[in-house]
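Thanks for coming. I will take a few minutes to go through one structure, and you can follow along on the screen.

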Amino acid sequence: MKRLLSAYASDIVQMTPAQLKQAILASEGRTILGETVVTAAPLIAGVSNAEMMAAFSCDLLVLNELDVFSPQIVGFYDCDNPIAELKSLTGRPIGINLEPVDEHQSLLEERISLPAGRLVSPDSLRRAEELGVDFIMLTGNPATGVSLSAIRSAISLTKEHFKGLVFAGKMHGAGLGESVVNEEALLDFVALGADGVLIPAVGTVPGVREELVAPIVAKIKAKGGLVISTIGTSQESADSQTVREFGLSNKRVGSDVHHIGDGSYGRMPDPENILALSLAVRGKRHTYFKMGQSVKR
(Lines give C-alpha, C1' and ligand atoms only; values in the text may rest on other atoms or scores of the structure.)
Protein backbone atom coordinates (compact mmCIF):
# COMPACT_ATOMS: atom_id res chain seq x y z
CA MET A 1 0.00 0.00 0.00
CA LYS A 2 1.12 3.50 -0.84
CA ARG A 3 0.00 6.59 1.01
CA LEU A 4 -2.16 8.81 -1.18
CA LEU A 5 0.48 11.51 -0.81
CA SER A 6 2.91 9.38 -2.84
CA ALA A 7 0.52 7.54 -5.17
CA TYR A 8 0.35 7.71 -8.94
CA ALA A 9 -2.82 7.36 -11.00
CA SER A 10 -1.97 3.72 -11.69
CA ASP A 11 -1.85 3.09 -7.92
CA ILE A 12 -5.10 4.88 -7.21
CA VAL A 13 -7.15 3.10 -9.87
CA GLN A 14 -6.39 -0.23 -8.18
CA MET A 15 -7.34 0.86 -4.65
CA THR A 16 -10.38 -0.61 -2.95
CA PRO A 17 -12.41 1.77 -0.75
CA ALA A 18 -10.67 0.37 2.35
CA GLN A 19 -7.26 0.85 0.74
CA LEU A 20 -8.12 4.42 -0.26
CA LYS A 21 -9.10 5.17 3.34
CA GLN A 22 -5.84 3.66 4.56
CA ALA A 23 -3.88 5.65 1.96
CA ILE A 24 -5.46 8.86 3.28
CA LEU A 25 -4.74 7.90 6.88
CA ALA A 26 -1.13 7.04 6.01
CA SER A 27 -0.64 10.50 4.49
CA GLU A 28 -0.74 11.99 8.01
CA GLY A 29 -2.83 15.08 7.47
CA ARG A 30 -1.49 15.92 4.02
CA THR A 31 -4.47 15.18 1.78
CA ILE A 32 -6.20 17.97 -0.15
CA LEU A 33 -9.85 17.70 -1.25
CA GLY A 34 -11.09 20.21 -3.81
CA GLU A 35 -14.75 20.88 -4.56
CA THR A 36 -16.47 22.34 -7.63
CA VAL A 37 -20.04 23.10 -8.66
CA VAL A 38 -20.87 21.35 -11.93
CA THR A 39 -23.86 23.56 -12.80
CA ALA A 40 -21.67 26.62 -13.45
CA ALA A 41 -19.32 27.37 -16.32
CA PRO A 42 -15.72 26.36 -15.60
CA LEU A 43 -13.12 28.85 -14.45
CA ILE A 44 -11.22 28.54 -17.74
CA ALA A 45 -13.05 27.59 -20.92
CA GLY A 46 -11.81 24.32 -22.36
CA VAL A 47 -10.52 22.93 -19.05
CA SER A 48 -12.84 21.30 -16.54
CA ASN A 49 -12.61 22.48 -12.97
CA ALA A 50 -11.79 18.94 -11.91
CA GLU A 51 -8.72 19.00 -14.15
CA MET A 52 -7.77 22.42 -12.84
CA MET A 53 -8.01 21.34 -9.21
CA ALA A 54 -5.92 18.25 -9.91
CA ALA A 55 -3.34 20.37 -11.72
CA PHE A 56 -3.00 22.56 -8.61
CA SER A 57 -2.35 19.45 -6.45
CA CYS A 58 -5.73 18.26 -5.11
CA ASP A 59 -5.67 14.56 -4.20
CA LEU A 60 -9.45 14.09 -4.04
CA LEU A 61 -12.13 15.83 -6.11
CA VAL A 62 -15.79 16.28 -5.22
CA LEU A 63 -18.51 17.41 -7.61
CA ASN A 64 -21.25 19.50 -6.03
CA GLU A 65 -24.77 19.79 -7.45
CA LEU A 66 -24.34 16.76 -9.72
CA ASP A 67 -27.70 15.16 -10.54
CA VAL A 68 -26.91 11.44 -10.71
CA PHE A 69 -29.93 10.81 -12.95
CA SER A 70 -28.78 13.48 -15.40
CA PRO A 71 -25.04 13.78 -14.78
CA GLN A 72 -24.27 16.87 -16.82
CA ILE A 73 -21.24 19.09 -16.24
CA VAL A 74 -21.51 22.58 -17.72
CA GLY A 75 -18.72 23.26 -20.20
CA PHE A 76 -17.62 19.62 -20.37
CA TYR A 77 -17.81 17.62 -23.57
CA ASP A 78 -20.61 15.12 -24.10
CA CYS A 79 -19.94 11.62 -22.81
CA ASP A 80 -21.93 8.73 -21.41
CA ASN A 81 -20.31 8.84 -17.97
CA PRO A 82 -18.58 12.09 -16.92
CA ILE A 83 -17.42 10.52 -13.64
CA ALA A 84 -15.44 7.85 -15.45
CA GLU A 85 -14.16 10.44 -17.92
CA LEU A 86 -12.91 12.80 -15.21
CA LYS A 87 -11.25 9.93 -13.35
CA SER A 88 -9.41 9.08 -16.57
CA LEU A 89 -8.39 12.70 -17.21
CA THR A 90 -7.25 13.48 -13.66
CA GLY A 91 -6.14 10.17 -12.15
CA ARG A 92 -7.90 11.21 -8.93
CA PRO A 93 -10.72 9.64 -6.90
CA ILE A 94 -14.00 11.44 -7.64
CA GLY A 95 -16.79 12.01 -5.13
CA ILE A 96 -20.18 13.70 -5.12
CA ASN A 97 -22.43 15.39 -2.58
CA LEU A 98 -25.82 13.86 -1.84
CA GLU A 99 -28.10 15.75 0.52
CA PRO A 100 -30.23 14.29 3.34
CA VAL A 101 -32.85 17.03 3.51
CA ASP A 102 -34.89 17.31 6.69
CA GLU A 103 -38.40 18.36 5.66
CA HIS A 104 -39.51 18.75 9.29
CA GLN A 105 -37.12 21.58 10.14
CA SER A 106 -37.92 25.29 9.90
CA LEU A 107 -35.23 27.22 8.03
CA LEU A 108 -33.66 30.58 8.78
CA GLU A 109 -34.08 31.47 5.09
CA GLU A 110 -36.18 30.42 2.12
CA ARG A 111 -35.74 26.72 1.39
CA ILE A 112 -34.18 25.60 -1.90
CA SER A 113 -35.82 22.51 -3.41
CA LEU A 114 -33.57 19.86 -4.90
CA PRO A 115 -34.11 17.35 -7.71
CA ALA A 116 -34.21 13.65 -6.87
CA GLY A 117 -30.76 13.15 -8.35
CA ARG A 118 -29.18 15.27 -5.62
CA LEU A 119 -31.08 13.74 -2.70
CA VAL A 120 -30.13 10.63 -0.74
CA SER A 121 -32.28 7.66 -1.72
CA PRO A 122 -31.75 4.00 -2.62
CA ASP A 123 -32.08 4.88 -6.30
CA SER A 124 -29.64 7.80 -6.24
CA LEU A 125 -27.11 5.74 -4.27
CA ARG A 126 -27.34 2.83 -6.67
CA ARG A 127 -26.90 5.22 -9.57
CA ALA A 128 -23.80 6.73 -7.94
CA GLU A 129 -22.44 3.20 -7.64
CA GLU A 130 -23.13 2.56 -11.34
CA LEU A 131 -21.34 5.78 -12.32
CA GLY A 132 -18.22 4.69 -10.45
CA VAL A 133 -18.27 7.37 -7.74
CA ASP A 134 -15.45 6.74 -5.24
CA PHE A 135 -16.91 8.56 -2.24
CA ILE A 136 -20.12 10.28 -1.21
CA MET A 137 -20.33 13.28 1.09
CA LEU A 138 -23.58 13.37 3.04
CA THR A 139 -23.80 17.10 3.59
CA GLY A 140 -25.89 20.15 2.81
CA ASN A 141 -25.68 23.17 0.57
CA PRO A 142 -26.96 26.55 1.79
CA ALA A 143 -30.72 26.80 2.42
CA THR A 144 -31.43 23.13 1.75
CA GLY A 145 -32.43 22.18 5.29
CA VAL A 146 -30.00 19.32 5.75
CA SER A 147 -29.79 18.48 9.46
CA LEU A 148 -27.45 16.38 11.55
CA SER A 149 -30.31 14.04 12.43
CA ALA A 150 -31.15 13.56 8.74
CA ILE A 151 -27.49 12.83 7.98
CA ARG A 152 -27.48 10.30 10.80
CA SER A 153 -30.47 8.50 9.29
CA ALA A 154 -28.88 8.53 5.83
CA ILE A 155 -25.61 6.80 6.79
CA SER A 156 -26.98 3.27 7.12
CA LEU A 157 -28.95 3.67 3.90
CA THR A 158 -25.84 4.83 2.09
CA LYS A 159 -23.73 1.97 3.38
CA GLU A 160 -26.43 -0.47 2.24
CA HIS A 161 -26.57 0.74 -1.36
CA PHE A 162 -23.10 2.23 -2.00
CA LYS A 163 -19.72 0.47 -1.73
CA GLY A 164 -17.40 3.50 -1.75
CA LEU A 165 -16.31 5.70 1.12
CA VAL A 166 -18.91 7.70 3.03
CA PHE A 167 -18.12 11.07 4.60
CA ALA A 168 -20.82 12.73 6.72
CA GLY A 169 -21.31 16.11 8.35
CA LYS A 170 -21.95 19.79 7.75
CA MET A 171 -19.66 22.59 6.59
CA HIS A 172 -22.11 25.28 7.73
CA GLY A 173 -25.70 25.57 8.90
CA ALA A 174 -27.36 24.69 5.55
CA GLY A 175 -30.17 27.05 6.50
CA LEU A 176 -30.64 25.73 10.05
CA GLY A 177 -29.62 27.25 13.36
CA GLU A 178 -28.21 24.03 14.87
CA SER A 179 -24.60 23.71 15.97
CA VAL A 180 -22.66 21.90 13.26
CA VAL A 181 -19.92 20.72 15.65
CA ASN A 182 -21.92 18.32 17.78
CA GLU A 183 -19.70 15.72 19.43
CA GLU A 184 -22.44 13.18 20.07
CA ALA A 185 -23.71 13.36 16.49
CA LEU A 186 -20.27 13.13 14.93
CA LEU A 187 -19.29 10.12 17.01
CA ASP A 188 -22.62 8.50 16.13
CA PHE A 189 -21.80 8.97 12.43
CA VAL A 190 -18.64 6.89 12.83
CA ALA A 191 -20.43 4.27 14.94
CA LEU A 192 -23.06 3.92 12.19
CA GLY A 193 -20.40 3.24 9.57
CA ALA A 194 -19.28 6.59 8.17
CA ASP A 195 -15.65 6.41 7.06
CA GLY A 196 -15.08 10.04 7.94
CA VAL A 197 -16.80 13.13 9.28
CA LEU A 198 -16.85 16.73 8.13
CA ILE A 199 -15.99 19.44 10.64
CA PRO A 200 -15.76 23.14 9.69
CA ALA A 201 -12.21 24.45 9.72
CA VAL A 202 -11.45 26.68 12.70
CA GLY A 203 -12.17 30.25 11.67
CA THR A 204 -14.88 29.45 9.13
CA VAL A 205 -18.13 28.91 11.06
CA PRO A 206 -18.60 31.31 14.01
CA GLY A 207 -17.63 29.82 17.37
CA VAL A 208 -15.60 26.91 15.96
CA ARG A 209 -12.37 27.09 17.96
CA GLU A 210 -9.34 24.81 18.20
CA GLU A 211 -9.99 24.01 21.86
CA LEU A 212 -13.52 22.89 20.90
CA VAL A 213 -12.56 20.83 17.87
CA ALA A 214 -9.31 19.11 18.91
CA PRO A 215 -10.80 16.82 21.62
CA ILE A 216 -13.63 15.77 19.28
CA VAL A 217 -11.17 15.01 16.49
CA ALA A 218 -9.14 12.81 18.83
CA LYS A 219 -12.24 10.79 19.78
CA ILE A 220 -13.31 10.37 16.15
CA LYS A 221 -9.86 9.15 15.15
CA ALA A 222 -9.76 6.77 18.12
CA LYS A 223 -12.94 5.16 16.73
CA GLY A 224 -11.33 4.71 13.29
CA GLY A 225 -12.91 7.67 11.50
CA LEU A 226 -11.18 10.13 9.21
CA VAL A 227 -11.62 13.85 9.89
CA ILE A 228 -12.23 16.21 6.97
CA SER A 229 -11.78 19.88 7.90
CA THR A 230 -13.90 21.97 5.55
CA ILE A 231 -13.74 25.47 4.12
CA GLY A 232 -17.32 25.85 2.94
CA THR A 233 -18.04 29.48 3.75
CA SER A 234 -16.71 31.11 0.56
CA GLN A 235 -13.43 31.82 2.37
CA GLU A 236 -11.86 29.66 -0.31
CA SER A 237 -11.80 32.99 -2.17
CA ALA A 238 -10.11 34.86 0.71
CA ASP A 239 -6.46 35.93 0.63
CA SER A 240 -3.84 33.17 0.60
CA GLN A 241 -2.60 33.97 4.10
CA THR A 242 -6.06 33.25 5.53
CA VAL A 243 -6.17 29.91 3.70
CA ARG A 244 -2.69 29.00 4.98
CA GLU A 245 -3.89 29.70 8.53
CA PHE A 246 -6.82 27.33 8.01
CA GLY A 247 -4.44 24.60 6.90
CA LEU A 248 -2.08 24.97 9.85
CA SER A 249 -5.00 25.08 12.27
CA ASN A 250 -6.36 21.89 10.71
CA LYS A 251 -3.01 20.25 11.37
CA ARG A 252 -3.01 21.37 14.99
CA VAL A 253 -6.44 19.86 15.65
CA GLY A 254 -5.45 16.61 13.91
CA SER A 255 -7.35 16.61 10.60
CA ASP A 256 -6.70 13.94 7.97
CA VAL A 257 -8.10 15.82 4.97
CA HIS A 258 -8.10 19.53 4.12
CA HIS A 259 -11.24 20.37 2.12
CA ILE A 260 -11.39 23.60 0.14
CA GLY A 261 -14.78 24.58 -1.25
CA ASP A 262 -16.42 25.82 -4.41
CA GLY A 263 -17.29 29.41 -3.52
CA SER A 264 -14.78 31.30 -5.66
CA TYR A 265 -14.82 32.45 -9.29
CA GLY A 266 -15.79 29.66 -11.66
CA ARG A 267 -17.39 27.85 -8.69
CA MET A 268 -14.20 26.12 -7.64
CA PRO A 269 -11.49 27.12 -5.15
CA ASP A 270 -9.16 29.89 -6.20
CA PRO A 271 -6.33 27.84 -7.77
CA GLU A 272 -3.73 29.96 -5.97
CA ASN A 273 -5.44 29.15 -2.68
CA ILE A 274 -5.29 25.42 -3.41
CA LEU A 275 -1.59 25.93 -3.94
CA ALA A 276 -1.23 28.00 -0.75
CA LEU A 277 -3.08 25.35 1.28
CA SER A 278 -0.99 22.54 -0.15
CA LEU A 279 2.32 24.32 0.43
CA ALA A 280 1.33 25.06 4.03
CA VAL A 281 0.36 21.51 4.97
CA ARG A 282 2.89 19.48 2.95
CA GLY A 283 5.53 21.74 1.45
CA LYS A 284 6.92 22.15 -2.06
CA ARG A 285 8.22 18.60 -2.47
CA HIS A 286 4.86 16.85 -2.22
CA THR A 287 2.92 19.72 -3.80
CA TYR A 288 5.07 19.76 -6.91
CA PHE A 289 5.00 15.95 -7.05
CA LYS A 290 1.20 16.08 -7.35
CA MET A 291 1.25 19.00 -9.80
CA GLY A 292 3.88 17.51 -12.06
CA GLN A 293 2.96 13.83 -12.31
CA SER A 294 1.37 12.43 -15.47
CA VAL A 295 -1.91 10.50 -15.29
CA LYS A 296 -0.17 7.86 -17.46
CA ARG A 297 2.23 6.92 -14.65
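**Helix packing and cores**

Let me start with a pair of helices: the axes of H6, residues 148–161, and H7, residues 183–191, come within 9 Å of each other and cross at roughly 10 degrees. Angles under 35 degrees count as roughly parallel, so H6 and H7 are roughly parallel to each other. Keep in mind that this is a predicted model.

Which residues make the contact? From H6 there are Leu-148, Ile-151, Arg-152 and Ile-155, and they meet Ala-185, Asp-188 and Phe-189 of H7. Sorted by class, that contact has five nonpolar residues, two charged ones and no polar ones.

Next, the cores. The largest nonpolar core has 61 residues, and among those with the most contacts inside it are Leu-138, Phe-189 and Ile-220. H7 supplies the largest share of this core, five residues. A second, separate core has 19 residues, including Leu-4 and Phe-135.

Back to Leu-138 for a moment. Leaving out residues up to four places away in sequence, Leu-138 touches Ile-151 and Ile-155, among others, and also Val-120 and Phe-167.

Last, Ala-23, which lies in helix H2, residues 17–26. Is Ala-23 buried or exposed? Its relative accessible area is 1%, so Ala-23 is buried. Beyond its neighbours within four places in sequence, Ala-23 is in contact with Met-1, Lys-2, Arg-3, Leu-4 and Met-15. Ala-7 is 16 residues away from Ala-23 along the chain, and their C-alpha atoms are separated by 8.6 Å.

That is what I have for today.

How values were computed. Residues numbered from 1 in each chain as written. Predicted model: local features only at pLDDT ≥ 70, side-chain atom pairs only at ≥ 80, totals over all residues. Heavy atoms only, no water. Helix = DSSP H or I, 4+ residues; strand = E, 2+ residues; numbered from the N terminus. Buried < 20%, exposed > 50% of the residue type's maximum accessible area, 1.4 Å probe, protein only. Contact = heavy atoms within 4.5 Å. Axes fitted to C-alpha atoms, helices over the stretch in contact; angles between N-to-C directions. Parallel < 35°, antiparallel > 145°, perpendicular 65-115°, else oblique. Nonpolar A, V, L, I, M, F, W, Y, C, P; charged D, E, K, R; others polar. Core = buried A, V, L, I, M, F, W, Y, C linked by side-chain atoms within 4.5 Å.
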